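This report goes through one protein model, starting from a single residue and widening out to its surroundings. Keep the structure in view while reading.

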Amino acid sequence: MSECESAPGESAFLERVKFEPMRVRDLDEVLAIERISFPTPWSREAYHRELIVNDYACYIVGRLDGVVVSYGGMWVVLDEAHVTNIAVRPEYRGHGVGRLTMAALEARARELGASRMTLEVRVSNAEARRLYEGLGYRSTGIRRNYYSDTREDAIVMWKDLSPRETGLSPAGGGP
Ligand SMILES: CC(C)(COP(=O)(O)OP(=O)(O)OC[C@H]1O[C@@H](n2cnc3c(N)ncnc32)[C@H](O)[C@@H]1OP(=O)(O)O)[C@@H](O)C(=O)NCCC(=O)NCCS
């Protein structure tokens with residue numbers, strides 16, 4: 001049984017996940033998740049550039065008892081936030097960590113002045129599509145052959161970040 005499954009209760013487990021800005025010292029843990037989550041993982045250099053050089057980039061990690069269990073990132077330009085990446089450590093998936101991580105990104109995007117959020121998702125990524133749809137993201141179009149590794153199409157999704165549009169129900173155990 002994984003550490004995650006042995007948690008006393010779903011909401012108790014989620015309440016222990018704390019979000020903070022991603023730092024260079026997190027990259028070993030982030031890259032371990034990245035490499036098993038994506039067909040073409042980003043390199044250490046790519047993340048390093050995002051954290052150090054890109055003024056528009058904002059990356060967070062979710063920690064459970066000090067261990068990185070999720071991360072996500074976005075570029076915030078004026079009133080738009082563009083999600084670049086999100087992943088959950090495989091043994092913690094399916095328990096609401098992904099939803100919590102997106103909610104944390106959205107909260108940070110609002111703080112930085114964004115009023116809407118956009119992302120691309122592979123057509124074949126059913127888990128991610130359901131995650132985003134459940135949070136109120138709506139498909140607005142298709143980018144043909146968007147992913148250079150597989151030539152797969154991307155679905156473009158948008159969400160209005162007005163205060164009521166959290167996508168989390170009041171009793172949903174969110175942050
Ligand atoms: C996509 C990902 C971030 C979801 O994280 P997660 O912690 O498993 O998601 P949650 O437990 O918060 O689930 C939220 C919703 O996602 C959907 N979902 C999650 N896992 C699913 C699965 N195995 N099958 C179908 N839907 C799933 C469901 O709609 C779920 O809501 P529900 O529990 O009310 O049905 C995770 O699967 C992941 O890291 N995947 C690899 C990286 C990736 O594809 N990132 C997205 C790039 S666009």
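Ile86 counts as buried because 21 C-beta neighbours lie inside 10 Å; the cut-offs are 20 or more other C-beta atoms within 10 Å for buried, 12 or fewer for exposed, and partly exposed in between, with C-beta atoms placed from the backbone. The model is a predicted one, in which local features need pLDDT of at least 70 and side-chain atom pairs count only at pLDDT 80 or more, while totals for chains, interfaces and linings use all residues. Residues are numbered from 1 along each chain as its sequence is written.

Ile86 lies in strand S4; strands (E, at least two residues) and helices (H or I, at least four) are DSSP runs numbered from the N terminus. Leaving out residues up to four places away in sequence, Ile86 touches Gly72, Gly98, Thr101 and Met102, where contact means C-beta atoms, placed from the backbone, within 7 Å. Thr101 is 15 residues from Ile86 along the chain, and their C-alpha atoms are separated by 7.8 Å.

**Helix H4**

Among the buried residues of H4 are Gly98, Thr101, Met102 and Leu105. The 15 residues of H4 should span 21 Å at 1.5 Å a residue, and the end C-alpha atoms are 21 Å apart, which agrees; the expected span is 1.5 Å times one less than the number of residues. Just after H4, Gly113 has a positive phi of about 100°.

**Core and ligand**

The largest nonpolar core holds 38 residues, and Ile60, Tyr71, Met74, Leu105 and Ala109 have the most contacts inside it. Such a core is a set of buried Ala, Val, Leu, Ile, Met, Phe, Trp, Tyr and Cys residues joined through C-beta atoms within 7 Å. H4 gives the most to this core, six residues.

Around the ligand there are 19 residues, the closest being Arg93, Gly98, Arg99, Arg130 and Leu131; a residue is near if its C-beta atom, placed from the backbone, lies within 6 Å. The elements giving two or more residues to this shell are S4, H4 and H5, and H5 gives the largest share, six residues.

**Confidence**

The protein averages a pLDDT of 90, and 86% of the residues score at least 70; pLDDT is the predictor's confidence in each residue, from 0 to 100.

Key
Two residues are in contact if their C-beta atoms, placed from the backbone, lie within 7 Å.
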